[in-house]
Structure formats: structure tokens, C-alpha cells
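Below is a set of questions and answers on the model shown next. Please keep the sequence and structure in view while reading.

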Amino acid sequence: MPGSEEEHRGWSYLIIGFLILVMWHLFAVLLNSIALPTPVAVFYAFISGIKDDLLAHLLISAIRVGCGILFALALALPLGMVSYKNRADKIVAPFIYLLYPFPHIVLLPLVILLFGIGDLSKIILIAIIVFFQILVTTRDAARNVSMNYIYSLLSLGASEKDIYKHVILPASLPKILTAMRISIGTAIAVLFFVESFATTKGLGYLIMDAWSRMAYPDLYAAIVTMALLGFCLYVMLEEVEHKVCAWVYV
Amino acid sequence: MRIMIESKGISKVYPDGTEALREVSFDVSEGKSCSIIGPSGCGKTTLLFIFSGILKPTSGKALIEGKEVVSPSKEVALILQDYGLFPWKTVYENVSLGLELRRYSKKERKRTVSSLLEDLGLKGFENHYPKQLSGGMQQRIGFARAMALNPRILLMDEPLSSLDALTRETLQNFLLSLWKNNGMTMLLVTHNIEEAVFLGEKIVVLSSRPGSVAEIIENHKVGDVNYRNTEGFLEKCREVRRSIEDGVT
């Protein structure tokens with residue numbers, strides 16, 4: 001029964017979440033250092049943060065990370081999909097192989113020089129890094145689509161555009177969405193990096209600020225909020241995947 | 001009788017140098033069925049791709065009703081072995097795809113697809129995905145999609161080869177009645193001798209790579225479900241087998 005299975009999973013998430021909190025608590029008590037407050041202390045800091053401006057910072061961070069991922073997707077998707085054709089791949093593949101292994105995060109100075117220290121440069125740096133992760137996966141997925149699907153479609157009178165709409169995109173979508181889920185982790189790590197300086201907004205700023213004030217409960221409240229942001233994005237994408245890739249799950 | 005499909009000295013060499021077909025010539029009259037049989041890798045599929053307008057021959061001509069095939073035509077339906085159906089589309093979406101690509105209205109699509117699915121005993125499965133159905137049902141959906149555009153020519157590439165023996169026989173009977181009731185011209189590529197003999201009024205035997213015509217065997221008794229159980233059927237199978245073996249050596 002799928003209903004009870006679902007319920008079962010919900011419970012195991014709750015139980016293990018609780019277990020993690022217990023472990024954290026024990027660790028904090030044993031360590032007995034101001035650098036690791038107990039979950040209860042962090043929870044109070046979290047509540048007072050919400051009463052203050054924690055949610056405003058969360059919103060800014062969510063917008064930066066969301067725009068970055070969408071930006072990356074909008075560029076990587078078409079480039080990856082045209083690679084199903086050998087002619088296009090001859091150009092795309094060398095770009096990937098030469099530029100992907102390069103640590104894109106060091107482009108930070110360049111991005112700031114070009115786009116300033118505002119939100120745009122933060123979004124762009126996140127986008128650059130996530131772009132490659134999505135491009136590599138999309139390209140691989142598109143190239144693995146069996147030519148017979150394409151022949152089948154062509155015999156029905158399909159145009160070039162139809163091939164993308166009816167074959168390449170739907171066939172690659174499960175892998176693209178998996179890549180996006182994985183890239184959330186990366187995107188949030190980059191978010192922290194770009195928010196750790198030259199800004200007074202965002203969760204990354206809150207973390208650095210609390211750290212310099214030695215306000216450890218506040219520090220952890222910001223960290224937990226960042227984790228929650230990642231978790232929500234992850235769950236959202238999983239929902240999307242179940243909706244648009246229903247055929248995989250039947 | 002009018003010639004519907006004609007292969008006029010078709011040769012095909014792929015860009016990588018593989019020679020798939022050499023000087024293949026045969027024809028099929030309107031409303032007739034023809035099996036193409038030969039060892040694997042003899043370019044049978046290539047020949048079908050040429051007739052469906054997906055590939056171009058290196059030399060020679062593929063003619064349909066005397067006109068050279070240059071692009072996929074509404075008159076011609078192609079059924080492929082395993083990849084015919086799109087796993088990401090429901091039964092309904094799969095069957096209506098050809099109509100959608102040819103810009104039929106939603107209403108027309110619904111009418112055609114519903115009656116087709118009813119005829120083929122697939123009613124009630126509209127919203128299922130292919131993998132939720134048995135191999136035999138999936139193949140019937142493949143036929144339904146090909147039939148949706150009401151083609152006059154049906155090209156099939158080993159449509160039944162992934163099915164178990166019993167389902168296969170049922171679908172051969174089904175295919176036979178489909179062909180008899182619709183008056184289509186049928187070109188069936190297979191590597192199964194019994195299937196070639198059961199369904200092809202004409203059997204084109206291809207030699208191994210590069211495929212060329214080894215022999216054309218007439219087989220006029222096709223059309224009755226019981227043909228399979230006659231002595232004449234077995235004799236014909238032996239004849240085809242001999243011919244294939246001669247072509248290989």
C-alpha cells in the first residue's frame with residue numbers, strides 16, 4: 001500500500017531528525033564549550049531571530065540562490081540538449097572538458113570587477129558553478145537518448161523542434177532534475193562564500209556577523225536556517241520531479 | 001496491379017564506410033504484403049529507414065507510387081522493434097502523437113484515438129504508461145499509433161521480436177487481420193522464418209552484409225490464420241531457410 005509506505009517514511013524522517021538533535025545535545029553537553037551551544041539554546045536564538053530580521057535575510061539568500069540556479073538552468077539546458085547532435089557536440093564537448101575541471105569559484109574577483117559587489121555578481125557566481133554541473137549531466141543524458149526514438153518520431157513527420165519537445169527533453173529530464181538536486185548543495189556552499197563579505201544581507205552575512213560578535217547561538221540559528229533553505233529547495237525539486245517525470249515512478 | 005513500393009537498385013554506404021546495402025531491387029504491388037528476411041546486420045533496417053524518408057540511399061531510388069521518397073510521408077507508417085513507444089508518454093499521448101505532429105485538432109485527435117483504442121481492445125488504458133502494460137499490449141499500442149494517421153503503407157522492423165512465442169502468434173494473427181481489413185501495403189522486416197512466411201505474400205531474402213537480394217520467393221497462400229498449420233507452410237519455410245543459407249555461404 002503506497003499510502004502507508006509514505007506514512008512510514010515520514011515517521012522515519014521524524015525519528016532520525018530527533019536522533020540527530022539528541023546527538024547534537026549530548027555532544028554539546030560533553031564538549032561544554034561556548035562554541036557549541038545546545039539545540040535548545042539555538043532554538044531560542046532562532047525564535048528571537050525570527051522576531052528580528054532572520055526571515056528577511058533568509059528571503060534575500062533564497063532569491064540569490066534561486067536566481068542563480070534558474071539562470072544556470074536556462075543556459076545549460078539548451079546547450080546540453082543540442083549536444084545530442086554530433087555536430088553541436090563537437091563544439092560543446094571541448095568547452096566542457098576544458099572548462100569544467102577549472103575551479104570556477106576563483107572567478108570571484110573577475111565577476112566582482114565586471115558586475116560590482118551587488119546581488120548580481122553573487123547570482124552570477126552561483127550560476128557559473130551550477131551551470132557546469134547541469135550542463136555536463138544534460139549533455140550526457142541527451143547523448144544517451146537512443147537514435148531509434150528519434151527515427152520513430154521523424155517517421156511520424158516531426159520537425160527539429162518536435163525532437164526536443166517530444167524526445168530529448170522528456171528523456172533527459174529525470175537526470176537533469178537529479179543534477180539540480182545535487183547542485184543545490186553546491187549552490188548553497190557558494191552562497192555562503194559570496195555572502196561572507198561585502199554585504200550586510202543574507203544568511204552568510206548573519207553567520208559571519210554572529211561569529212565576529214561571538215554570539216554563538218545566533219551563529220547556529222543562521223546555520224540551521226541555511227540548512228533549512230537547502231532542505232526546502234531539495235524537497236521542492238523532488239516534488240517537481242514526481243510531477244513532471246511521473247512515468248519513472250509508475 | 002499498381003506498384004506501390006519499389007526499390008530500384010538501392011545501395012547505401014554510411015559515412016563511416018560501412019556498406020549496408022548493395023543494388024537492392026524489388027517491388028510490392030498495392031495492397032500486397034512483403035517480408036524481408038536475412039541474417040542480422042544485412043541492412044534490413046536501413047532499407048526501411050530509406051523508405052520512410054529518414055535516410056537517403058547512396059545510389060538508386062526508393063519509389064512510392066512511382067514518386068521518389070524524400071521526406072517522411074503521412075501515407076507511410078513505421079513501426080520499430082523496441083523503441084516505438086515513448087515511455088514518457090501515456091498510451092493516449094503515444095497513439096495521438098502522429099496526429100499531433102501533423103497538426104490535427106484536439107477534437108479530431110480524441111475521436112480517432114478513442115475509436116482506435118476501442119478497436120484494438122485497449123480502451124480504459126489511456127492514462128497508463130507503456131511500462132505498466134505487457135509486451136503484447138505495448139506492441140498493439142505501437143500498431144495503434146501507426147494506424148492513427150490511416151497510412152496506406154505499413155513498414156515494420158521486427159515488430160514482434162521481443163515477445164514470447166504465444167503472444168507473438170496472437171499478434172501475427174492480429175497483424176494479418178489488420179492488413180486484410182485495411183487494404184494496406186505491408187513491408188515487414190524480420191529474422192524469423194515462420195513470421196516471414198506467415199505474413200509475406202512475397203519474401204525477399206537478403207544476403208549478409210552488404211545486403212543484396214539473394215532470392216525473391218512468391219508465397220501466395222498468405223491470408224488465412226490456418227495457413228500456419230499446413231504442409232505447404234512448412235515446405236515454404238524450408239525453401240526460405242535453404243535460400244538464406246545459400247546467401248550466407
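**Exposure, packing and contacts**

Q: Is B:Arg103 buried or exposed?
A: A residue is buried if 20 or more other C-beta atoms, placed from the backbone, lie within 10 Å of its own, exposed if 12 or fewer, and partly exposed in between. B:Arg103 has 8 other C-beta atoms within 10 Å, so this residue is exposed.

Q: What pLDDT do local features need in this predicted model?
A: Residues are numbered from 1 along each chain as its sequence is written, while chains are lettered from A and ligands numbered from 1 in the order in which they are written. The model is predicted: totals for chains, interfaces and linings use all residues, side-chain atom pairs count only at pLDDT 80 or more, and local features need pLDDT of at least 70.

Q: Near what value is the phi of B:Arg103?
A: B:Arg103 sits in the loop between helix H2 (91–101) and helix H3 (106–119) of chain B; helices (H or I, at least four residues) and strands (E, at least two) are DSSP runs numbered from the N terminus. Most residues other than glycine have a negative phi. B:Arg103, which is not glycine, has a positive phi, near 60 degrees.

Q: In which loop is A:Met214 placed?
A: With 10 other C-beta atoms within 10 Å, A:Met214 is exposed. Its phi is positive, near 55 degrees, in a residue other than glycine. The place of A:Met214 is the loop between H9 and H10 of chain A.

Q: How are H9(A) and H10(A) oriented to each other?
A: Axes are lines fitted to C-alpha atoms, for helices over the stretch in contact, and angles run from 0 to 180 degrees between N-to-C directions. The axes of H9(A) (residues 203–212) and H10(A) (residues 216–244) come within 8 Å and cross at roughly 160 degrees. Angles under 35 degrees count as roughly parallel, over 145 as roughly antiparallel, 65 to 115 as roughly perpendicular and the rest as oblique. H9(A) and H10(A) are therefore roughly antiparallel.

Q: How do the residues of the contact of H9(A) with H10(A) divide by class?
A: H9(A) passes H10(A) in a left-handed crossing (the near helix is turned anticlockwise from the far one by less than a right angle; clockwise is right-handed). The contact (C-beta atoms, placed from the backbone, within 7 Å) includes A:Leu206 and A:Trp211 of H9(A) and A:Asp218 and A:Thr225 of H10(A). Ala, Val, Leu, Ile, Met, Phe, Trp, Tyr, Cys and Pro count as nonpolar, Asp, Glu, Lys and Arg as charged, and the others, Gly among them, as polar. The residues divide into nine nonpolar, one polar and one charged.

Q: Against which helices do the buried residues of H9(A) pack?
A: The buried residues of H9(A) are A:Leu203, A:Gly204, A:Tyr205, A:Leu206, A:Ile207 and A:Ala210. They pack against three helices of chain A: H3 (54–82), H8 and H10.

Q: What is the handedness of the crossing of H5(A) and H6(A)?
A: H5(A) (residues 108–115) and H6(A) (residues 119–143) pack at an angle of about 140 degrees, with their axes 9 Å apart. The two helices are therefore oblique to each other. The crossing is right-handed.

Q: Which residues of H6(A) meet H5(A)?
A: The H5(A) side of this contact is A:Leu108, A:Val111, A:Ile112 and A:Phe115. On H6(A), they meet A:Leu120, A:Ser121, A:Ile124 and A:Leu125.

Q: Which helix gives the most to the side of chain A that touches chain B?
A: The contact takes 16 residues from chain A and 19 residues from chain B. On the chain A side, H7 (147–155) and H8 (160–195) each supply at least two residues. With six residues, the helix that gives the most is H7(A).

Q: How many residues does the largest nonpolar core have?
A: A nonpolar core is a set of buried Ala, Val, Leu, Ile, Met, Phe, Trp, Tyr and Cys residues joined through C-beta atoms within 7 Å. In the largest one, the residues with the most contacts inside it are A:Ile126, A:Phe131, A:Ile134, B:Phe51 and B:Leu155. Not counting residues up to four places away in sequence, B:Leu155 touches B:Phe51 and B:Leu187, among others. The size of this core is 132 residues.

Q: Which residue with positive phi follows H1(B)?
A: Eight of the eight residues of H1(B) (residues 44–51) are buried, so this helix is largely enclosed by the rest of the structure. Among them are B:Lys44 and B:Phe49. With a positive phi near 80 degrees, the residue that follows H1(B) is B:Gly53.

Q: What percentage of the residues of chain A count as buried?
A: The secondary structure of chain A comes to 11 helices and zero strands. Its C-alpha atoms fill a box of roughly 70 × 55 × 30 Å along the principal axes. Of its 250 residues, the buried share is 34%.

Key:
Two residues are in contact if their C-beta atoms, placed from the backbone, lie within 7 Å.
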